[in-house]
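Here are my notes for your first look at this structure. Keep the sequence and the view open side by side. Take the points in order.

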Amino acid sequence: MSMKYLRGVSTLRLDADKCTGCGMCLNVCPHAVIRLEGRKAAVNDADLCMECGACAENCPAGALTVKKGVGCAQAVRIGFLTGTEPQCGCGDDSCC
Ligand code: SF4
Ligand code: SF4
């Protein structure tokens, strides 16, 4: 089962003109949000993005941006499953 983020609110942005097709973002994305089409990255489904930031941090071309931790889907999931306030426990004070 794939967990969907809140629809239409992901801050993930891809500038395909900058993409060199290295494939790094595919390797680090935990939710298979990105695919390669020919020699360019393309977004499969932005609603699957949990805004972890791994793709943007590892993109050598600066082709990806995402506001890391904004509305963190992991926190929402944990809060939903435990009946508590959203909190992902990542230890980053700027996160949820
Ligand atoms: S922010 Fe995380 S979940 Fe979203 S596309 Fe990048 S690596 Fe995948
Ligand atoms: S990591 Fe960056 S340059 Fe490499 S495929 Fe992904 S978007 Fe393109």
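Leaving aside its neighbours within four places in sequence, which residues is valine 66 in contact with?

1. Start with valine 66. The model is predicted, so read every value below as computed from it. Valine 66 is in contact with Thr11, Leu12, Glu51, Gly53, Cys55 and Ala56, once neighbours within four places in sequence are left aside. Valine 66 sits in the loop between β4 (64-65) and α3 (73-82). Is it buried or exposed? Valine 66 is buried, because 22 other C-beta atoms lie within 10 Å, and 20 or more is the mark for a buried residue. Serine 10 and valine 66 are 56 residues apart in sequence, yet 8.0 Å apart in space, C-alpha to C-alpha.

2. Now the overall plan. The protein chain holds three helices and four strands. Read from the N terminus, their order is β-α-β-β-α-β-α. The chain has 96 residues, and 26% of them are buried. Take the contacts between residues at least 6 apart in sequence: 46% of these join residues at least 24 apart.

3. Look at the hairpin. β2 and β3 form it, with two residues between them. The two strands pair in the antiparallel sense, over four bridges. Trace two of the partners yourself. Glutamate 37 has lysine 40 of β3 as its bridge partner. Leucine 36 stands opposite alanine 41, also in β3. In the turn, glycine 38 has a positive phi of about 65°.

4. Check two more phi values. Most residues other than glycine have a negative phi. Alanine 32 has a positive one, near 50°. Glutamate 51 also has a positive phi, of about 55°, and is not a glycine either. Alanine 32 is in the loop between α1 and β2 (34-37). Glutamate 51 is in the loop between β3 (40-43) and α2 (54-58). Glutamate 51 counts as buried, because it has 21 C-beta neighbours inside 10 Å. Recall that glutamate 51 is among the contacts of valine 66.

5. Turn to helix α1. It covers residues 24-28, and valine 28 is in it. Asparagine 27 counts as exposed, because it has 11 C-beta neighbours inside 10 Å. Valine 28 has 16 such neighbours, so it counts as partly exposed. Leave aside neighbours within four places in sequence, and valine 28 is in contact with Ala54, Cys55 and Asn58. Two C-alpha distances are worth checking in the view. Asparagine 27 and cysteine 55 are 28 residues apart along the chain and separated by 8.6 Å. Valine 28 and glutamate 57 are 29 residues apart along the chain and separated by 9.7 Å.

6. Next, the core. Which members of the largest nonpolar core touch the most other members? They are Cys25, Cys55 and Leu64, in a core of 18 residues. Beyond its neighbours within four places in sequence, cysteine 55 is in contact with Cys25, Val28, Cys29, Ile34, Leu64 and Val66. Val66 on that list is the residue from point 1; its own contacts include Cys55.

7. Ligand 1 comes next. How many residues surround it? There are 15, and the closest are Cys29, Val33, Cys49, Cys52 and Cys55. Sorted by class, this shell has twelve nonpolar, two polar and one charged residue. Cys55, one of the core residues in point 6, is also one of the closest to ligand 1.

8. Finish with ligand 2. The residues around it are Cys19, Thr20, Gly21, Cys22, Gly23, Met24, Cys25, Ala41, Cys59, Ala61, Ala63 and Leu64. Nine are nonpolar, three are polar and none is charged. Cys25 and Leu64 belong to this shell, and both were named in the core.

Definitions and conventions. Residues are numbered from 1 along each chain as its sequence is written. Chains are lettered from A and ligands numbered from 1 in the order in which they are written. This is a predicted model: local features need pLDDT of at least 70, side-chain atom pairs count only at pLDDT 80 or more; totals for chains, interfaces and linings use all residues. A residue is near a molecule or strand if its C-beta atom, placed from the backbone, lies within 6 Å of it. Ala, Val, Leu, Ile, Met, Phe, Trp, Tyr, Cys and Pro count as nonpolar, Asp, Glu, Lys and Arg as charged, and the others, Gly among them, as polar. A residue is buried if 20 or more other C-beta atoms lie within 10 Å of its own, exposed if 12 or fewer, and partly exposed in between; C-beta atoms are placed from the backbone. Two residues are in contact if their C-beta atoms, placed from the backbone, lie within 7 Å. Two strands pair if DSSP finds at least two bridges between them. A nonpolar core is a set of buried Ala, Val, Leu, Ile, Met, Phe, Trp, Tyr and Cys residues joined through C-beta atoms within 7 Å.
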